[in-house]
Amino acid sequence: MLKRIRYISEFSDVLGPDELRQVAADSARNNKRDQITGLLISAGNLFFQLLEGPPAAVDECYRRIKEDPRHTNVLLLGMEVGDMERLCPDWEKTFLQIIPPPSVLDLQGKAADYINLSVCAAMA
């Protein structure tokens, strides 16, 4: 039996690249322990996450996320439970950060409308 959820949330505060990598590393360690796999994407001040694993473990993980002060406006997008294959079978967590390339800045020093996908942590 497998449970899969997808949710989005907003950062409650600005997280820098080092903090995001730490979130990904901590999540990967916890997810391995709990037999959870998934994907975490950050873009601007938003998280998108897919979690899959044993139903009780996924429920507990999602409960911790909703109580985590780094997350606000947590919104469950979808959930499935049943005998199904994992979408991310070999990853405790893959983390993608969508950021503007540092070399592409407008005249006011703000990031232009370009994005760069950088894989910050991929657990195989």
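**Salt bridges and a hairpin, question by question**

Modeller: Let's begin with the total: the count comes to eleven salt bridges, where a salt bridge is a side-chain nitrogen of Lys or Arg within 4 Å of a carboxyl oxygen of Asp or Glu. This is a predicted model, in which local features need pLDDT of at least 70 and side-chain atom pairs count only at pLDDT 80 or more, while totals for chains, interfaces and linings use all residues. Residues are numbered from 1 along each chain as its sequence is written, and side-chain values use heavy atoms, with hydrogens and water left out.

Biologist: Why is the pair of E80 and R4 called a salt bridge?

Modeller: Their side chains have N and O 3.6 Å apart, and the rule asks for within 4 Å, so the pair qualifies. Strands here are DSSP runs of E with at least two residues, helices are runs of H or I with at least four, and both are numbered from the N terminus.

Biologist: What makes R4 buried or exposed?

Modeller: Buried means under 20% relative accessible area, exposed means over 50%, and partly exposed is in between (1.4 Å probe, protein chains only). R4 has 7%, so R4 is buried. E80, with 26%, is partly exposed.

Biologist: How do you know that E60 forms a salt bridge with R64?

Modeller: The closest N and O atoms are 3.9 Å apart, which is within 4 Å, so this pair counts too. E60 and R64 are four residues apart in helix α2, separated by about one helical turn.

Biologist: And what links R63 to E60?

Modeller: Another salt bridge, at 2.4 Å from N to O. R63 and E60 sit three residues apart in helix α2 (residues 55-67), again about one helical turn. Both residues belong to a network of salt bridges that links R33, D34, E60, R63, R64 and E67.

Biologist: Why is strand β2 described as largely enclosed?

Modeller: Five of the seven residues of β2 (residues 37-43) are buried, so the rest of the structure largely encloses this strand.

Biologist: What makes β2 and β3 a pair?

Modeller: Two strands pair if DSSP finds at least two bridges between them. β2 and β3 (residues 46-53) have seven, so they pair, in the antiparallel sense. G38 stands opposite L51 in β3. Their hairpin has two residues between the strands, and G44 takes a positive phi near 60° there.
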